[in-house]
Amino acid sequence: MVAQGQTVTLQLPREITPALAGLPPSSRTFTGRDSVLQSLDEVLDNRQPGSQTVLITGLAGVGKTELALQAAHRALTRQNQYPGGVLFTDLFGYDPTRRVSPERALDGFLRALGIPGEHLPADLQERSRLYRSVLRTYAEQDRRILVVIDNAADAGQVRPLLPADDTSAVLLTSRNIPDVGARQIRLDNLTPQEAVGLLAQVLRQAHGPGDTRVKDEPAQAAQIAEQCGRLPLALQIAGALLADIPVRPLASFSQALSDARRRLDRLTREDLAVRAAFDLSYRHLGGEQARLFRLLSLNPGPDVCTDAAAALFGAGHDIVEEWLQDLARANLVESGPIWGRWRLHDLVRLYAAQLARDNDDGGAQREEAVDRLLTYYLTVTTDAQNALALESDDASAEAKPPATGTIRESVDVIPWLRVERANLMAAVALASDIERWQLVADLAELLAEHLSLDRHQDEAIAVRRQALIAARRLGNREEEGIVLGNIGFDLYGLRRYEEALETQRESLGIAVEVSNRESQNVALGNLGLIFDELGRPDEAIDVQTRALTIARELGDRDSETAVLNNLATTLASAGRLDEAVAPLMESRAICVERGDRRGEVRASKNIGVLASQMGDYELAITAHEYCVAVHDLEGDPFAKGRALLDLGGALHSADRLDEAIATFTEALAMLSEPHDERREQQQALGALAEALLVVGRPAVAVDACLRALALCREFDEREDEGPMLRILGKAYADADRMGDAADTYVQYLDVLIEQGADRASQGGALLQLGGALAESGRLAEGVDAFNRCQAIRRELGDREGERRALFLLGITCQQMARFEEAAEAHLRGVEICGELGDRAHERETLGELAGSLAEIGRFPEAIEAYTRHHQMCGEAGDRPGEAESLHLLGNVLARLDRFEEAVAAHTNALTVCRALGNWEGESYVLGDMGAALMGLGRYKQAAAAFSRAAAIEKERLRELQQGPDSRGRLPRVLRRSADWARRRAGRREG
């Protein structure tokens, strides 16, 4: 070996010295990081030539050192992986008072490797060369060494310590990302479960299993984990503080951390402090980067884009982007999943905010930065809405060019607004907090318009309430009324009709007060929509008529056509279909006159809907086909998809089912990516499923329903989930998957109850659920469902619905041999049929009632029921029913030893069976008649009856055995014969 120009022969120690086995102990409270540890295991176990340096990087306190120690200890326990031992050094790269130079680190490494002090070169380069030579020699002797370098600040501190051979492995930790060609593993926060687990581990380590505070207060434990930002260092400190006072509840500690401004002060214990860990990283920043870091805490939202950060700082995009990348390399900011977005860890945000308050960014400078940021958000949102207006073909759109060009040409406006939604909402709240009321009013209405169109009505209402406060603070009564109207419209969109009604009335009152006829027109139109949904058509027609008068007075043709459309819809929903035609035709004529193609299509769509309601499906199809053609010509796939949905519905109603299925399939393609209109996709899938069920394709319908449900659940569209579950339950039932159908109807019922659906809907769901449960063999649950259903129907006064539920309840009870309950259900069913004059169902129910009464020994009542059933069958011309009632009547008479009457009944039944050519019924009746004849001692006649029955069965059996479908039908014949034999045996035993 050459060192300082001399050849030196080194004798390596035979045994590992203490220094080579001096890895610090790993923590017993370590938890989580399983996948990362597995990745490290794979790298450290790899003996293939190549770089084996792994950089573990991340925020201060995220657990980089502990992860390296855990991985190193695991590697050393695996046989023959690192027989040479381990070298460990903490470079204290971020502590100016304890920072270890590479020369000093190499001095320690070489001495640990057995190099005498007198042979250590003074020069860094020579010392590094000697170190690498020794590591190579160890590796050649199959004594591979693992090097762990902790807390490095930069590449200059690390490079001299890296081996030059291809087999020695290095674990390196750093808050920065030094350029040393290492494989990078970036540590994120712990998951919520891991964070709570670490807190529990710390307490168990301190007090043993008796400390059950985490288990006893799970919600508070989870809250503490979030307050600590799921940062391991913060959780270790929190756990240690709790361990100091074993009787302190977690709720008390969580309350102490709830004050965000003091949270960092509380997360301190002895020599451990979260703030101190952050300080070491912050001190390494340049002046501009440090100022940007402090200002980022002023952004009120969860993350920030580069342009917003530039506005905060007051500098250009490109230079601020460079500084942000510097902060990301220092792990003081995190780069988001989309390039150009940045976020601060929760505790880092608190740290930066405190720095901003304590440093040169106080007072006026912070206010200026916030003002620049809010102005940026207002300007860019205005540009976004103007860009959308330019894209719109609506005749009423007042398109304006962008004010500043802050929306880049390459950016899609809608996705941008969706990404920035949380920041814009937070900006409105911040502007309200600092009483920038005009900015609140302007930004809130712009943002709320997007939120409402994007179906985030709850958020739109919250933002508009801020605008309402601003309008009142500004004393702008007219704007107050307009905002109230917009809030009312969003409440209408959420189906909160009573609140919407009250709000629109208040808006109308203000519009009248300030003599704003346009606002009066809007409020009256909105009131019409609300009254229509509330089932108050007369009031809806009244306010819509008033709105129409004002629209014509103002010459507002857009409003006029909209009100005419809504008026027609209200008239149709009130059953006044003929009157609804004129407003629609007038609306369409106005649009044609003005060249308003979009309004013309809207009116045509409504004409199609009205035509379907009137049963004129061909006209409906023609109207919807026109809409499809227009949207196709305009190249608007989403609008075409919605029109295809309407067309498919009309085709379905016209029983043109194959065309309907093809149309719904095409609509689905139009409404899928890249448009991502999930609600319309759900509607298309549901409509497709219903059409598929009609044509007998339940398996495909199940697939469509499951896709629709996945969309509902992905986007938490709970109100759309119920109808899809109903269709899916039907599809499962039609596919003979009764167990799945039952489970689906249970979910459907749960959704209805959760949403407070009307009792009639719940009753319908219970009826479907009971049927599926009974069919799947879950009879007791079926009985419960039918009982609940009939109770609801009785409560609602729905006698026909009650009758149906009682009938199915009785049938299910019969299957369970619960004949008393069955008889009671059928008795009530017969009574209801009598009230309703429903002779058909009364006849059917009497037959079931008679059977149940016979089973429980109430023979006189059974005889009366069978007699009535026979008479009603005769009246209805139901010959098979007559035969059945006579047969079963004879059986009941025989059980009462009234054999003459029994034989007479059986004889009449036999006559009917022979007239119908019902050989199966004939054989059954002959068997039972033979038994009755034996009761009379007429044995020859009995024998003849039995012989004839046997001959019929034998002949039919022979025919079936020879027939082409005998394999499928023979078992059924055998089952029937066996049943007949069992009944005969039962008679003899009696």
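Arg213 is buried, with a relative accessible area of 8%, where buried stands for under 20% relative accessible area with a 1.4 Å probe and protein chains only. The residue sits in helix H7, which covers residues 213-216; helices here are DSSP runs of H or I with at least four residues, strands are runs of E with at least two, and both are numbered from the N terminus. The model is a predicted one, in which local features need pLDDT of at least 70 and side-chain atom pairs count only at pLDDT 80 or more, while totals for chains, interfaces and linings use all residues. Residues are numbered from 1 along each chain as its sequence is written, and side-chain values use heavy atoms, with hydrogens and water left out.

Leaving aside residues up to four places away in sequence, Arg213 touches Leu203, His207, Leu242, Ala243, Ile245, Pro246, Val247, Arg248 and Leu250, a contact being heavy atoms within 4.5 Å.

Turning to the whole protein chain, its secondary structure comes to 45 helices and twelve strands. Its radius of gyration, taken over C-alpha atoms, is 41 Å, well over the 30 Å that the globule rule gives for 990 residues, so the chain is more spread out than a compact globule; that rule is 2.2 Å times the number of residues to the power 0.38. Along the principal axes, the C-alpha atoms fill a box of roughly 130 × 90 × 60 Å. Of the 990 residues, 49% count as buried.

Technical notes
Buried means under 20% relative accessible area, exposed over 50%, partly exposed in between (1.4 Å probe, protein chains only).
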